[in-house]
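Work through the following exercises with the coordinates open, and compare each step with the solution given.

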Amino acid sequence: MAKKKVPLRTCIGCGEVKPKRELLRIVRTPTREIDFDPTGRASGRGAYMCPKKDCLDLAVRKKRFSAALEVPESEKKIEKLAVALSEHFSSKTGTR
Ligand SMILES: [Zn+2]
């Protein structure tokens, strides 16, 4: 029986390894911006995170986005991203 391998990724917040499909993707755009990638298909370097406020907070506090995506630290960009992600969480009820 061919066992299908589940792609795993590490959450940049809590550091847990989880199936890629359970994580949110954050991507570095060609213009070196940090962007939330709801489809998971945008091209560019990606970072992954649990769809949880806790992990978002951790990733923001520990500046994991810029580290994972190798972009210069920019509080404004991270803030914008955090807002976009928060909105994404609150639009999905019952995920926690
Ligand atoms: Zn996490």
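Buried means under 20% relative accessible area, exposed over 50%, and partly exposed in between (1.4 Å probe, protein chains only). This is a predicted model, in which local features need pLDDT of at least 70, side-chain atom pairs count only at pLDDT 80 or more, and totals for chains, interfaces and linings use all residues. Residues are numbered from 1 along each chain as its sequence is written, and side-chain values use heavy atoms, with hydrogens and water left out.

**Exercise 1.** Determine which atoms coordinate the zinc ion, and classify C14 and C50 by accessibility.

*Solution.* Begin with the donors (N, O and S atoms within 2.8 Å of the metal, or 3.2 Å for Na, K and Ca): the SG atoms of C11, C14, C50 and C55 coordinate the zinc ion at 2.2 to 2.3 Å. Next, because the 4 donor atoms subtend angles of 101 to 113 degrees, the arrangement is tetrahedral, a label that requires all angles of four donors to lie between 85 and 135 degrees. Finally, C14 counts as partly exposed because its relative accessibility is 33%, whereas C50, at 1%, counts as buried.

Conventions
Tetrahedral: all angles 85-135°; square planar, octahedral: opposite > 155°, others 65-115°.
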